[in-house]
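Please look over the sequence and the model below before reading on.

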Amino acid sequence: KSHKQLLVPPMPCRAKTNVMFLKTHKTGSSTVLNIMFRFAEKHNLTVALPADQLFHLGYPETFVAQFVEGFETIGQNYNIMCNHLRFNPLEVRRVMAANTFYFSILRNPIPLLESSYIYYKNNVPAFRSSKNVKEFVASPTKYYHPADYRENIYARNIMWFDFGYNNNAKDDTRYTQAVLEEIEQNFHLILIADYFDESMILLKHALCWDLDDVIYFKLNSRSQDTVQTLSPEDEERIKAWCSLDWKLYLHFNQSFWRRIEKTIGLKVLEKEVDNLRTRQKELMETCLSEQEPVKKDQIRNRAFLPFQSGAADILGYNLRQDLDNRTLRICEKMVRPELQYTSHLYAVQHPHKKRKEVGLPLLWGSRQER
């Protein structure tokens, strides 16, 4: 008899609807943002959106509650927060409910730096003044000057910075240990971009969402021909130059896999990743005229053109022309780039405010990035 009782299925969990995603830079986070926005729309949730014409929550300033549109009147009644911000737990907690689930995503600092280099080439003095990424990593201090601290954040330990810490801090074991512990206290889950599909399955389980909630089309990726290859020496130099990010990544990469083994198991994980990829492929066949992202000048509908930056060619999608209205709605959400989606939700949530201009080509002038 006791044997029978073990077969009682576990209590079904309830989908979490109060979720804060710390959107880090060049980590696949635009794809995660799209997932969050779609979930918010599906369940009619309130998103903590950037005030006025901004597309980020005050970044690179340290976050304060005032950066959120309507905070004065809406108070602590937001469900979802996921636009770029520099993390500041006390202020975020003024905006988000007490039972909010906090998560973020990290990426191996080696491909991360190469990606940042191409993407922010024109904005970052340390990148601008070097010929290419190899030249930069050969002697970073030649190009990276502490005086240009603000403009140079993308050139060193950008993830450490996004989490709210000093990206030029000395790599001292006691200090880094304290920071890692603090991040563990502030976040329920840290995903790993290098294992994106596995991350989505882990997220689905942690939030008790459906598979369709974490299906995605890769957004804000760039064409392969802009990727620069790095030698093993280059890689070692990046690890040393971005040693804070490297420690961050190693630590949470380990806890990521431990978490999977403890909560899902590798067998189930593999099966669910397969399901995710199958469903994703189905959806791509349903939605897209090409089965892959296309270069910026091949995007037919300019409304779906992603923001272009630096020397990167940021890819987008073409939807099939023959879609019925219901399918079209679903597909549009899948391919809607970050700025357009932010602007769309802003118009829905704050109909009386001036719309966010997603001017094309999007010029992120002094108002935005710097």
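What follows describes the overall build of the chain and then the surroundings of selected residues.

This is a predicted model, in which local features need pLDDT of at least 70 and side-chain atom pairs count only at pLDDT 80 or more, while totals for chains, interfaces and linings use all residues. Residues are numbered from 1 along each chain as its sequence is written, and side-chain values use heavy atoms, with hydrogens and water left out.

**The chain as a whole**

The protein chain contains 16 helices and 4 strands, where helices (H or I, at least four residues) and strands (E, at least two) are DSSP runs numbered from the N terminus. Its radius of gyration is 21 Å, close to the 21 Å that the globule rule gives for 370 residues, so the chain is as compact as a globular protein of that length; the radius is taken over C-alpha atoms, and the rule is 2.2 Å times the number of residues to the power 0.38. Along its principal axes, the C-alpha trace spans about 70 × 50 × 45 Å.

Of the 370 residues, 55% count as buried, a term that means under 20% relative accessible area, with exposed standing for over 50% and partly exposed for values in between (1.4 Å probe, protein chains only). The accessible surface comes to about 17,700 Å², and 51% of it belongs to carbon and sulfur atoms; these areas come from the Shrake-Rupley method with a 1.4 Å probe, and for residues only the protein chains shown count as cover. Among contacts between residues at least 6 apart in sequence, 72% join residues at least 24 apart, a contact being heavy atoms within 4.5 Å.

There are 50 positive and 44 negative side chains, and the centres of the two sets lie 2 Å apart. In this count Lys and Arg are positive and Asp and Glu negative, whereas His and the chain ends are not counted; the place of a charge is taken as NZ of Lys, CZ of Arg, CG of Asp or CD of Glu.

**The loop between α2 and α3**

E69 sits in the loop that runs between α2 (29–42) and α3 (71–74), and with a relative accessible area of 8% E69 is buried. Which partners does the side chain of E69 reach through polar contacts? The side chain of E69 comes to 2.9 Å from the backbone nitrogen of D52, and a polar contact of 3.5 Å links it to the side chain of K353. Such a contact is a pair of N or O atoms within 3.5 Å; within protein, one must be able to donate a hydrogen and the other to accept it, and residues adjacent in sequence count only if both atoms are side-chain atoms. Not counting residues up to four places away in sequence, E69 touches several residues, among them L49, P50, Y78, Y346 and H350.

V47 belongs to the loop between α2 and α3, and V47 counts as buried at 0% relative accessibility. The C-alpha atoms of V47 and E69, 22 residues apart along the chain, are separated by 9.5 Å. Leaving out residues up to four places away in sequence, V47 touches F37, A40, Y78, I80, L345 and Q349.

P60 is also found in the loop between α2 and α3, and a cis peptide bond, with omega about 5 degrees, joins Y59 and P60. N44, in the loop between α2 and α3, has a positive phi of about 55 degrees although it is not a glycine. K26, in the loop between β1 (19–22) and α2, likewise has a positive phi, here about 60 degrees, although it is not a glycine.

| Residue | Relative accessibility | Class |
|---|---|---|
| K26 | 12% | buried |
| N44 | 72% | exposed |
| P89 | 22% | partly exposed |
| S223 | 5% | buried |
| H188 | 42% | partly exposed |

**Other sites**

S223 lies in the loop between α11 (196–207) and α12 (232–241), and a polar contact of 2.7 Å joins the side chains of S223 and D225. Apart from neighbours within four places in sequence, S223 is in contact with K295, D313 and L315.

H188 is found in the loop between α10 (173–186) and β4 (189–192), where, not counting residues up to four places away in sequence, H188 touches T100, F101, Y102 and R259. P89 is in helix α4 (residues 89–95), and the C-alpha atoms of P89 and G164, 75 residues apart along the chain, are separated by 8.9 Å.
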